[in-house]
Amino acid sequence: MKTEITIDSYRDIAPKGTIDLIYNLVNRLKGRSLLHVNSTKLGGGVAEMLLRLVPLFNNLGIQTRWEIIQGTPLFYQTTKSFHNALQGQPQIITDEMFNEYKKVNQKNARNISFDSDVAIIHDPQPAAFIYKKPKKAKWLWRCHIDVSRPNRKVWNFLREYVARYDGAIFSLPSFAQKLAIPQFLVYPSIDPLSDKNKELPRAQINSVLDKYAIPRDKPIILQVSRFDRFKDPLGVIKAYELVKKHNECCLVLAGGGATDDPEGLQVLNEVKEAAGNDKDIFVLDLPPDANLEINAFQRAATIILQKSVKEGFGLTVAEGMWKGKPVIGGAVGGINVQIVYGRTGYTVNSIEGCAYRIRYLLNNPLALNELGENAKEYIRRNFLITRHLCDYLALMIKMLNI
Amino acid sequence: MQEFYFTGCMEIKELLGQKAEDEQRLMELIEEVPSDSIYCHMHSYFLRHPYIAGVYPNDFATWVVVQVRDRVLGEKLAEVSPYGDKGIEDVRIRLIEIIDDHLSQIKVVPGVVHGQPFYFMQSKIIQVQTGVKAGSLSEFCNALRDIDTSAVYNHVFEARIRDRKGRSDFSIWLEEVLGKKDLADKIESIDSYMYSLEGLRAKLLDLCEKEL
């Protein structure tokens, strides 16, 4: 039987004093309510985060509901196109699609109670609910994607709604747009009690390594990410080859996304071809629910890479750092705010830079351990769910002016 | 006896929608942005790095060194005291003087080539009662050991600058209530700019425990 996770479950994990600070923030919000709205309860980072946060809000006594917008196939096709267009990809969006977006929002709005002091509306799908905002309520649009260089037609359409909110929340300063409403910065977070991040016994880690025939007697260089060109898995193999000329090690590229994405399959095949017959390279196409395996790989790794050439926030960096490992990451997107150069890991700009830093750390175990310890503490204080909860509570206090 | 009540704080980071991609624009925007933004980039760095001190102790110096890769200006900006005699406006003037002087000595304005722009933010601090209090030096040490680091920030940095007390709340209480002027002076002489919040907590504890 699973024990219920409450805010006190994090008392020994969060920085000291944090849980008491949360209780004191909540005292100021007694009797207040919160509503989250997004487009799915299953799959994706937003749902994963809400699945954790919503019970914690309720457990703390803040009445919190989580509503979902239900769409039609055309609506989902439209919002998928919005998603791509807002991130700068060319898309064809017809008037029929814009109308479907409005129609689905209006229809759903009739069936949802918006009676709540604060509402956080996630991403573009339910953004048009703003027309149902009760007068006294405060509404925030929570944007999880990079809208800094959007397709203008889609952004102009969406801005009509966004501009009516009381504020917007972005995950990185570079993701934001020019808006007349206040724009807040809230970083995403990881949950240290989830399967992907919880402590694992050594025997379980070893059994995962044995299952995939990964050697335990040499350093493991690991990258966990979808087989996607932006994650530069081919660059990772080239960096490993440069390292291998000097140091004994193995490389694990663990990811997914190859089964439901034709381009992912193509990248996976290219990666396998680049790996060739090297017995020390392990290319693993994992199912989406392989959280315990990923956790075990990260805990077994000596150095973790996230050599992306384009990245959103890149929470796999925080996951790796939480395991007490130095992470070498591409100097892009959210990787720059997670890695403090030379203190918790290294950001690099090239294959050679990546290889050099791997070699440096493999040959300097003291530096490797120090960076790993710093990395874990940095995540404890900046990227755990407890900090995320504090940010939302503080924003509620500010918006309600209490 | 008047007890010391520990108050923590939460920082809400607000994006101003202004960014600089070179040092000239950085200077222009330092001139324009609200003082809360200068304060945020000079001080709240500590709240974001409570455990590990970064490359330099303010966002401007760090950006110039890490993103623009101009060590000369970075070193000069790192040396700017965050406590201006007349408050944060003094700090703004000093930053502008340094960048202006630096730019007047070079022919090309350094900017980001491979790096990230500087995004201006401002912070709003929400103070949070912790319910923890101390009536003696020994109780003070016990509380300080376990309190959230945001309380250290609030009673040292916020008290000195935003609340315009010029001294930390800790020193004021230790001197005025416990009569420990020497200890208060020692606390005031700590160069708090050189520590992470955890480092500062350890230093404060070290000084206080020696007095027990």
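**The interface between the two domains of chain B**

The area buried between domain 1 of chain B and domain 2 of chain B is about 1,800 Å², with carbon and sulfur atoms giving 63%. This is a predicted model, in which local features need pLDDT of at least 70, side-chain atom pairs count only at pLDDT 80 or more, and totals for interfaces use all residues. Residues are numbered from 1 along each chain as its sequence is written, and side-chain values use heavy atoms.

Q: What makes the value of about 1,800 Å² a buried area?
A: Buried area is the accessible area (1.4 Å probe) that two parts lose on being put together, summed over both; the two parts here are domain 1 and domain 2 of chain B. To the share of domain 1, B:Lys124, B:Ile161 and B:Tyr193 supply 42%, more than any other three residues.

Q: Where do the bounds of the two domains lie in chain B?
A: Domain 1 covers 4-8 + 124-210 and domain 2 covers 12-122, with bounds that come from an automatic or database domain assignment. Their centres, taken over C-alpha atoms, are separated by 27 Å. The contact (heavy atoms within 4.5 Å) takes 18 residues from domain 1 and 20 residues from domain 2.

Q: Why is the pair B:Asp36 and B:Lys124 called a salt bridge?
A: The term requires a side-chain nitrogen of Lys or Arg within 4 Å of a carboxyl oxygen of Asp or Glu. The closest N and O atoms of B:Asp36 and B:Lys124 are 3.0 Å apart, so the pair qualifies. The count between the two domains is one salt bridge.

Technical notes: Chains are lettered from A and ligands numbered from 1 in the order in which they are written.
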